[in-house]
Amino acid sequence: MGLLQGATELFPVSSLGHSVIIPSILHWQFKQSDPTFVPFLVLLHLGTAGALLVLYRDQWVAIIRGFFTAAVRGRITTEPERLAMLLLTGTIPAGILGVYFETRIKSLFASPYVAAAFLVVNGILLIAFELLRRRAEQRTAVHSMTRAEQEQSFAEAERISFRAAAIIGACQALAFLPGISRSGVTIGGGLLAGLRHQEAARFSFLLATPVILAAGLVEVPQLFAGGVPVGEYLAAAVLSGVAAYASARFLLRYFRSGRLDPYGFYCIAAGLLSLALLHFGL
Amino acid sequence: MKSRTVAIGLGVLGVVFVIIAVLYALGVLQLFTSTTSGPHYKHAILFVVLAVASFVAANFARPKTA
């Protein structure tokens with residue numbers, strides 16, 4: 001489960017959806033209705049957050065320093081300061097929606113059918129994001145360039161507007177639905193805001209870290225109170241972190257010229273296959 | 001938008017958010033929560049973040065002397 005979650009968390013294919021569907025299809029002994037199931041997933045997410053902190057350690061130091069500098073001065077003068085404020089802006093809508101819709105969304109976690117259906121929706125969203133991006137590329141007359149050149153004509157994460165950051169943050173809340181990928185919707189949102197694929201991925205990964213850490217702070221004590229095998233769960237979290245680190249490195253390289261649509265087609269196929277397997281009890 | 005009035009408004013909003021955060025953390029406030037008793041730390045953390053954002057925004061909105 002740790003490897004599965006870590007490998008799928010940063011890919012735009014919904015780790016939560018996979019974590020709900022695959023144990024059910026493979027008949028793994030996880031009680032998805034168990035109160036420790038969601039905190040266990042959160043612990044795996046903490047492994048991912050740890051990997052992201054390691055990957056972006058220098059940037060996080062600059063962002064945190066930039067946040068305090070800009071907050072005290074009341075003015076943004078450098079790119080890390082702007083990025084810090086963009087991340088704060090993006091985190092707030094996700095936090096509000098997550099806190100107030102958590103209970104209703106959690107009730108969906110126990111259903112692999114719902115997760116499989118949302119996985120199909122996630123695939124359609126990813127393909128839609130790429131279609132809209134291709135239109136933007138045609139409008140800006142970059143369709144005759146190579147892919148790498150096309151990407152260079154779009155913006156870096158620090159250049160997006162605060163409104164766009166808030167909208168991307170709100171999109172992040174969709175990922176509380178099992179089957180909808182946090183990285184998928186936030187990378188897609190970044191593309192719509194005019195970012196390069198690689199920069200959209202970077203912004204997505206940076207935006208995910210505070211929310212995952214905050215969720216972990218709140219949920220993990222429940223995990224330890226439940227009398228669960230903590231050692232095994234921590235080992236799973238470490239494996240999740242290792243897999244997430246490798247995934248992030250791969251994706252940042254992939255998005256230099258790669259697109260979201262292969263993942264969109266994968267999600268649609270995996271969602272439909274999962275629905276069939278679950279329906280026929282295979 | 002630089003305005004003393006906006007800055008004061010955002011500062012007051014920040015104070016209100018701090019009070020709400022404390023009330024959620026103490027379990028006094030049970031508004032829009034999944035259980036009807038006990039502290040709600042997740043809600044409290046959210047309002048602390050909102051308070052920080054309000055104070056930061058207030059400082060940004062405050063007219064600066066040259």
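A salt bridge is a side-chain nitrogen of Lys or Arg within 4 Å of a carboxyl oxygen of Asp or Glu. The views below come from a predicted model.

**View 1. Five side chains of chain A are joined in a network of salt bridges.** The members of this network are A:Glu130, A:Arg133, A:Glu137, A:Glu151 and A:Arg259. Over all chains, the structure holds 11 salt bridges.

**View 2. A salt bridge joins A:Glu130 to A:Arg259.** The N to O distance between these two side chains is 3.0 Å. A:Glu130 belongs to helix α6 (residues 112–139) of chain A, while A:Arg259 sits in the loop between α11 and α12 (261–280) of chain A, so the pair ties together parts that are 129 residues apart in sequence. A:Glu130 counts as buried because its relative accessibility is 0%. A:Arg259 also counts as buried, with a relative accessibility of 11%.

**View 3. A:Arg134 and A:Asp261 form a salt bridge.** The closest N and O atoms of the pair are 2.9 Å apart. Distant parts of the chain are linked here: A:Arg134 lies in helix α6 of chain A and A:Asp261 in helix α12 of chain A, 127 residues apart. A:Arg134 is partly exposed, its relative accessible area being 30%. A:Asp261, at 13% relative accessibility, counts as buried.

**View 4. A salt bridge between A:Glu156 and A:Arg196 connects two loops of chain A.** The side chains meet at 3.7 Å, N to O. A:Glu156 is in the loop between α7 (147–152) and α8 (162–173) of chain A, and A:Arg196 is in the loop between α9 (182–192) and α10 (197–225) of chain A. The two residues are 40 residues apart, and the pair links distant parts of the chain. The relative accessible area of A:Glu156 is 31%, so this residue is partly exposed. For A:Arg196 the value is 17%, and this residue is buried.

View 5. A search of the whole structure finds 0 disulfides over all chains. A:Cys171 is in no disulfide, and the nearest cysteine sulfur, that of A:Cys267, is 16 Å away. A disulfide needs a pair of cysteine sulfur atoms within 2.5 Å. A:Cys171 is buried, with a relative accessible area of 19%. A:Cys267 is buried too, and its relative accessible area is 0%.

**View 6. Four arginines of chain A form a positive surface patch.** The patch consists of A:Arg57, A:Arg249, A:Arg253 and A:Arg256. A:Arg249 is part of helix α11 (residues 230–254) of chain A. With a relative accessible area of 47%, A:Arg249 is partly exposed.

**View 7. A nonpolar surface patch of about 620 Å² lies on chain B.** The residues that make the patch are B:Val15, B:Val18, B:Ile19, B:Val22, B:Leu26, B:Val28 and B:Phe55. Helix α1 (residues 4–26) of chain B gives the largest share, 5 residues. B:Val28 is placed in the loop between α1 and α2 (41–61) of chain B. B:Val28 counts as exposed because its relative accessibility is 57%.

**View 8. B:Phe32 has a positive phi in a loop of chain B.** Most residues other than glycine have a negative phi. The phi of B:Phe32 is about 55 degrees, although this residue is not a glycine. B:Phe32 lies in the loop between α1 and α2 of chain B. At 63% relative accessibility, B:Phe32 counts as exposed.

**View 9. B:Ser34 is placed in the loop between α1 and α2 of chain B.** B:Ser34 has a relative accessibility of 54% and counts as exposed. Along the chain, B:Ser34 and B:Val18 are 16 residues apart, and their C-alpha atoms are separated by 21 Å. B:Val18 is one of the residues of the nonpolar patch.

Conventions: Residues numbered from 1 in each chain as written. Chains lettered and ligands numbered in written order. Predicted model: local features only at pLDDT ≥ 70, side-chain atom pairs only at ≥ 80, totals over all residues. Heavy atoms only, no water. Patch = residues over 30% accessible without salt bridge, like charges linked within 9 Å, V, L, I, M, F, W, Y side chains within 5 Å. Areas by Shrake-Rupley, 256 points an atom, 1.4 Å probe, with all protein chains shown as cover. Lys, Arg positive; Asp, Glu negative; His and termini not counted. Charge placed at Lys NZ, Arg CZ, Asp CG, Glu CD. Helix = DSSP H or I, 4+ residues; strand = E, 2+ residues; numbered from the N terminus. Buried < 20%, exposed > 50% of the residue type's maximum accessible area, 1.4 Å probe, protein only.
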